[in-house]
Amino acid sequence: MYISEKFFDNNKTYIMGILNVTPDSFSDGGRFNNIDDALKRVDKMVCDGADIIDIGGESTRPGYEKISSDEEISRVVPIIKAIKSNFDIPISCDTYKSDVAEAALSVGADMINDIWGFKYDNDMAKIVKKYDASVCLMHNRTSCNYNNLIDDVKADLLESIAIAKSVGISDDKICIDPGIGFAKSLDENLCMTKNLSTLNNLGYPILYGSSRKSMIGLTLNLPVNERLEGTIATSVIACMQGACIIRVHDVKENKRAVEMTRAIIDK
């Protein structure tokens, strides 16, 4: 089953559990690098209610250090294989490199989560199309210069969508992400979250991810390990504004909050 057939439904909200297999991710770097620890983490997220697992092999925190494609592939491919052998759950691979995407898709990944929305690697869209995979196109820029934040984010996302469509990726395989924490100030991240529903008129499901990010830390003056309540608040707001998928570290707590929110919305 394609991810899009089940999870790109604007009348529902699903939880994407984050699995970072990196030594330096801002929140959980080094905790799930080996296969056994990764599988234990996935098992917990599945038991807690995760609908999709998002695997990242390179940290993209502010000021991150880029690694080679070979290094990234060596981190994610064995774990994707192991998860596919042990769990019946869709897998998204968080990468902006086409060779990493191809390696991930070739061993069973169902979706590519591209933080550059097809604008970093000219071959990425072709690889996604080759494997008939789903894709999340995230908003990103090299600088935070906006004439109008919401309008500019929409325009940038439409550029990413146009790249996808130019290689034949169908609309039902695409979701979009406003890129909280990427090329945006604290105020801009808060504004984007407040106005998330304005992206609905682009006609694509929305993936929202603010879990433990600096927007929450700076607003509440809290370290990474104390940002759960702030994350839940943003998950509820995103759900109320039509987000299709919420990407989080703490699956159980966010799942419960989203289910409660949906129960009210759906009445």
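The structure is a predicted model, in which local features need pLDDT of at least 70 and side-chain atom pairs count only at pLDDT 80 or more, while totals for chains, interfaces and linings use all residues. Residues are numbered from 1 along each chain as its sequence is written, and side-chain values use heavy atoms, with hydrogens and water left out.

The secondary structure of the protein chain comes to 10 helices and 8 strands, where helices (H or I, at least four residues) and strands (E, at least two) are DSSP runs numbered from the N terminus. The radius of gyration, taken over C-alpha atoms, is 17 Å, close to the 18 Å that the globule rule gives for 267 residues, so the chain is as compact as a globular protein of that length; the rule is 2.2 Å times the number of residues to the power 0.38.

Strand β1 (residues 14-20) is joined by 4 bridges to the parallel strand β8 (residues 245-248), and Y14 stands opposite I245 in β8.

Helix α6 (residues 149-166) has 18 residues, which at 1.5 Å a residue should span 26 Å, and its end C-alpha atoms are 26 Å apart, which agrees; the expected span is 1.5 Å times one less than the number of residues. Its buried residues include L149, I150, V153 and L157, and what covers the buried residues of α6 includes β5 (134-138), β6 and α7 (186-194), judged by contact, meaning heavy atoms within 4.5 Å. Just after α6, G168 takes a positive phi of about 95°.

The count of aromatic pairs comes to 1, with rings of Phe, Tyr and Trp (its six-membered ring) pairing if their centres lie within 6.5 Å, and planes under 30 degrees apart counted as stacked, over 60 as edge-to-face and the rest as tilted. The rings of Y96 and Y120 have their centres 4.6 Å apart and their planes at 80°, so the pair is edge-to-face. At 2% relative accessibility Y96 counts as buried, whereas Y120, at 39%, counts as partly exposed.

Notes. Two strands pair if DSSP finds at least two bridges between them. Buried means under 20% relative accessible area, exposed over 50%, partly exposed in between (1.4 Å probe, protein chains only).
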